[in-house]
Amino acid sequence: MKSIKKLPMPLPCANLLAASLLLLQILVLNVLASFSNIHAEENNWLSNHTIQGYFQDYNQSVFRKNSFHTAYFYNTDYLDTTQLGLGYLYTYVNQANKASITEQLGYLTAQTNLYPDALPGKLNLRFDYYTGDANSEYRSSSPPYHFISEKNNIRITYLHLGFIDYKKTYYTDLGYSQYRDSIVTRTRQFTPTLAFGWNNSYDWLQFRLYVIDLQQQTGIYDENNYFSIESKYTHWIRNQSESNIEFVRFTWLTGDRLLATDPDTSSVYTNPDIQKSSLSGQIKWKLSSTVNALAHVQYDKYHSDSFKSDYQSYLFYFNLQFQQP
Amino acid sequence: MNRQILFIMLIILLKASYSYAEVNPWKESYRLEQAYQYDSAINALNTIDSNNELAVLRRGWLNYLKGSYSRSIDFYTKALKINSVSLDARLGLTLPLLEQQRWREAALHANKALEKAPWNYFAHIRLMQTEQALKQWQQLSIHAQAVHPRYPSDATILLYVARASDKLGDSKQAKLFYNKVLELFPDHFEAKHYLQ
């Protein structure tokens with residue numbers, strides 16, 4: 001195992017915990033205030049439902065063949081101040097030798113916007129929580145051959161503080177996430193983000209740094225610190241009447257990323273292999289005043305420390321979002 | 001000589017005291033507002049009861065002018081609690097909400113104002129502003145065309161119809177309404193640019 005100099009955590013843990021608790025407190029108070037507001041009429045809550053699915057094919061992987069995923073999300077927004085959401089995510093991974101992983105996660109999210117006069121924009125506090133398990137089934141390596149089941153409990157928390165100016169020329173956030181499972185691994189993830197908008201906010205370029213600190217119990221991984229940068233370009237279409245396309249987006253990742261939580265897509269990468277790079281494209285259509293559709297294709301390179309091998313994956317994703325009229 | 005100087009100073013001091021006692025807080029506040037001294041204009045109202053409806057409205061307005069939009073919202077909300085049918089408070093509240101881009105909440109208050117005063121110009125204009133921001137082009141087009149006959153000489157409403165028509169792909173109607181804008185403002189930049 002390589003001798004790795006462990007980098008110091010970006011923030012002292014005690015201060016980080018105190019800051020996180022304070023942000024959570026503000027978030028909870030604002031959410032409760034939304035419920036008790038004097039004009040909290042039913043139609044002040046704007047809701048939407050999203051169903052999504054993807055198929056992912058693995059190429060040159062020793063162990064993974066393909067995977068299928070589906071999910072449902074419900075989100076509701078109170079007058080641009082509070083957003084609440086919940087979801088259910090199901091993923092099935094087809095592996096070699098008739099092995100498989102069935103993963104089910106529940107998802108909760110709460111966000112609140114704050115508008116302090118001292119700042120030229122709004123603050124966003126967000127808390128996401130994923131909980132569930134991944135059931136692995138694999139055949140024993142020696143006779144009598146039988147299938148062994150192994151359950152891995154997964155818990156992921158994500159917290160961020162974001163800011164966007166009223167002119168919509170820049171956005172920044174600092175995210176913190178913890179991934180824990182019951183078998184192997186615990187990670188802490190920091191994601192400082194900076195984005196710039198121009199052309200009346202029709203174009204955006206975002207950079208997000210993923211700093212992931214791994215606390216592993218089994219020594220499977222060669223390193224404990226992973227760094228990557230994700231760049232994302234979005235172009236919003238001005239005249240949507242011709243094509244109904246709302247935006248097109250390109251994302252690319254360079255560096256090493258492991259067990260990452262992606263707040264933009266409300267997804268978690270529970271694949272235990274290291275994501276070496278990624279390239280994706282997205283198109284979103286506004287099909288009607290209440291229905292949106294999004295298609296996404298993604299190419300990833302992975303490295304498996306367990307098998308000391310590299311492989312690629314191709315992912316095809318689609319979602320439909322139904323908004324309350 | 002010293003006695004004369006002292007006597008003159010006493011007269012000046014008495015006059016100053018008399019002038020100070022005569023300062024009208026409202027007059028002082030309006031004067032300071034005209035001089036763009038918004039903080040001082042707010043402070044000039046300190047001697048007035050904090051639950052005085054007009055003072056609360058004024059604090060809402062002055063905080064809006066100085067860019068303290070959350071404070072402005074607090075005061076206009078307080079004014080609504082004092083007088084729930086106040087259109088001044090309801091419409092005043094839409095101003096800082098629009099600045100903070102809280103479109104749906106601004107639309108809520110504009111609609112509540114319209115419940116009491118169905119053809120209030122400012123309520124309609126602010127509602128159109130939220131419809132444009134939320135890209136509700138169909139709704140904006142219908143709304144602006146319904147209000148236009150009530151205010152036929154208003155260019156802002158014509159602009160909203162033109163913009164919504166353009167976004168809905170109806171360039172013929174967009175040109176028609178941009179031409180109407182030019183009848184009112186022959187050098188209007190947006191209308192001229194679109195029609196070129």
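Predicted model: local features only at pLDDT ≥ 70, side-chain atom pairs only at ≥ 80, totals over all residues.
**Backbone and loops**

- A:D80 sits in the loop between β2 and β3 (82–95) of chain A, and its phi is near 60°, a positive value in a residue other than glycine.
- Most residues other than glycine have a negative phi.
- B:K135 likewise is not a glycine and has a positive phi of about 60°; it belongs to the loop between α8 (121–133) and α9 (137–147) of chain B, and with 43% relative accessibility it counts as partly exposed.
- A:S61 lies in the loop between β1 and β2 of chain A and, at 17% relative accessibility, counts as buried.

**Chain A as a whole**

- Chain A contains 1 helix and 16 strands, and 49% of its 325 residues count as buried.
- Of the contacts in chain A between residues at least 6 apart in sequence, 55% join residues at least 24 apart.
- The accessible surface of chain A is about 16100 Å², and carbon and sulfur atoms account for 61% of that area.

**Contact between chain A and chain B**

- The contact involves 20 residues from chain A and 19 residues from chain B, and the area buried between the two chains is about 1600 Å², with 46% given by carbon and sulfur atoms.
- On the side of chain A, the residues A:Y115, A:D117 and A:Y166 supply 35% of the area that chain A buries against chain B, which is more than any other three residues supply.
- Between the chains there are 2 salt bridges, one of which joins the side chains of B:R104 and A:D77 at 2.6 Å, N to O.

**Salt bridges within the chains**

- Over all chains, 19 salt bridges are found in the whole structure.
- In chain A, the side chains of A:D173 and A:R208 meet in a salt bridge at 3.3 Å, N to O; A:D173 lies in strand β7 (residues 170–181) and A:R208 in strand β9 (residues 203–216), so the pair ties together parts that are 35 residues apart in sequence.
- A:D173 is buried at 4% relative accessible area, and A:R208 is buried at 1% relative accessibility.
- A:D173 and A:R208 also belong to a network of salt bridges that links them with A:E230, A:K232, A:R257 and A:D264.
- In chain B, the closest N and O atoms of B:K66 and B:D39 are 2.8 Å apart in a salt bridge, which links B:K66, in the loop between α4 (53–65) and α5 (69–82), to B:D39, in helix α3 (residues 38–43), across 27 residues.
- B:K66 is partly exposed at 35% relative accessible area, and B:D39 is partly exposed at 44%.

Conventions. Residues numbered from 1 in each chain as written. Chains lettered and ligands numbered in written order. Heavy atoms only, no water. Contact = heavy atoms within 4.5 Å. Buried area = accessible area lost by both parts, 1.4 Å probe. Salt bridge = Lys/Arg side-chain N within 4 Å of Asp/Glu carboxyl O. Helix = DSSP H or I, 4+ residues; strand = E, 2+ residues; numbered from the N terminus. Buried < 20%, exposed > 50% of the residue type's maximum accessible area, 1.4 Å probe, protein only. Areas by Shrake-Rupley, 256 points an atom, 1.4 Å probe, with all protein chains shown as cover.
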